[in-house]
Amino acid sequence: MSNNEFAGRVAIVTGSSSGIGEACAYHFDAQGANVVIAARSMDKLQQVAAQLNNPSLIIQADVSQEGDCKQLIDETIAKFGKIDVLVNNAGITMRALFNDADIDVIRRLMDINFWGTVYCSKFALPHLLKTKGSIIGVSSIAGFKGLPGRTGYSASKFAMQGFLESLRIEN
């Protein structure tokens, strides 16, 4: 890839305050993109933003909240006028046998891992269709194969995979 493959393009990365999301933010930035970084921790987002070279936008957002996802997309459009890439990366995990698992933890997994992807994709899709952009979902082998002690996590990633596969076929 050339150093400016994404020059002038706008990439949103959820869960970009650490881990895979942070690495994606740096990668898009290195390719010349305007990067929109989003996560729950403003302090961590500011640390990531300080390492970016291109114009960026920092948005504190909890993807389990539909309103936060709408605000993320609206603020991106207000600043950059378009979206070229949406990386649905925000996520949490769990490890517990189902018999021992707290239902509230499984609900939280679905709210973040699945519904966060649905909300962000729903609000971004009209803009992505205009730019012929891409929606990316960061998943796991647990989204393709059920794993012991990962019932809630696997369920959330299976749901995300099914949603994104259907969305791909539709578009």
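Visitor: Which residues line the largest cavity?

Guide: Rolling a probe the size of a water molecule over the atoms shows where empty space is left. A cavity is a set of points, on a 1 Å grid over the protein atoms alone, where a 1.4 Å probe fits but cannot get out; lining residues have an atom within 4 Å of a point. Here the largest cavity is lined by Thr-14, Val-63, Asn-88, Asn-89, Ala-90, Ile-112, Gly-116, Thr-117 and Cys-120. This is a predicted model, in which local features need pLDDT of at least 70, side-chain atom pairs count only at pLDDT 80 or more, and totals for chains, interfaces and linings use all residues. Residues are numbered from 1 along each chain as its sequence is written, and side-chain values use heavy atoms, with hydrogens and water left out.

Visitor: Which element gives the largest share of that lining?

Guide: Elements are DSSP runs numbered from the N terminus: helices (H or I, at least four residues) and strands (E, at least two). The helix α4 supplies four residues, the largest share of the cavity lining.

Visitor: Where does the largest pocket have its centre, in terms of the residues that lie nearest?

Guide: A pocket is an open set with protein on both sides within 12 Å along at least five of seven lines. Of the 26 residues lining the largest pocket, Gly-15, Asn-89, Ala-90, Gly-91 and Ile-92 lie nearest its centre. Two or more lining residues come from each of α1 (19-30), β2 and α5 (151-170), and α1 gives the most, with three. Asn-89 and Ala-90 also belong to the lining of the largest cavity.

Visitor: Which residues line the second largest pocket?

Guide: Among them are Leu-125, Leu-128, Lys-132, Ile-135, Leu-164 and Arg-168. The elements α4, β5 (134-137) and α5 each give two or more residues to this lining, with the largest share, four residues, from α5.

Visitor: How many residues does the largest nonpolar core have?

Guide: In soluble globular proteins, nonpolar side chains tend to be buried together. A nonpolar core is a set of buried Ala, Val, Leu, Ile, Met, Phe, Trp, Tyr and Cys residues joined through side-chain atoms within 4.5 Å; buried means under 20% relative accessible area with a 1.4 Å probe, protein chains only. The largest core has 20 residues, and Ile-12, Val-36 and Leu-72 have the most contacts inside it. At least two of its residues come from each of β1 (10-14), β2 (34-39), β3 (56-60), α3 (66-80) and α4 (103-131). A second, separate core has 16 residues, including Phe-28 and Val-138.

Key
Buried means under 20% relative accessible area, exposed over 50%, partly exposed in between (1.4 Å probe, protein chains only).
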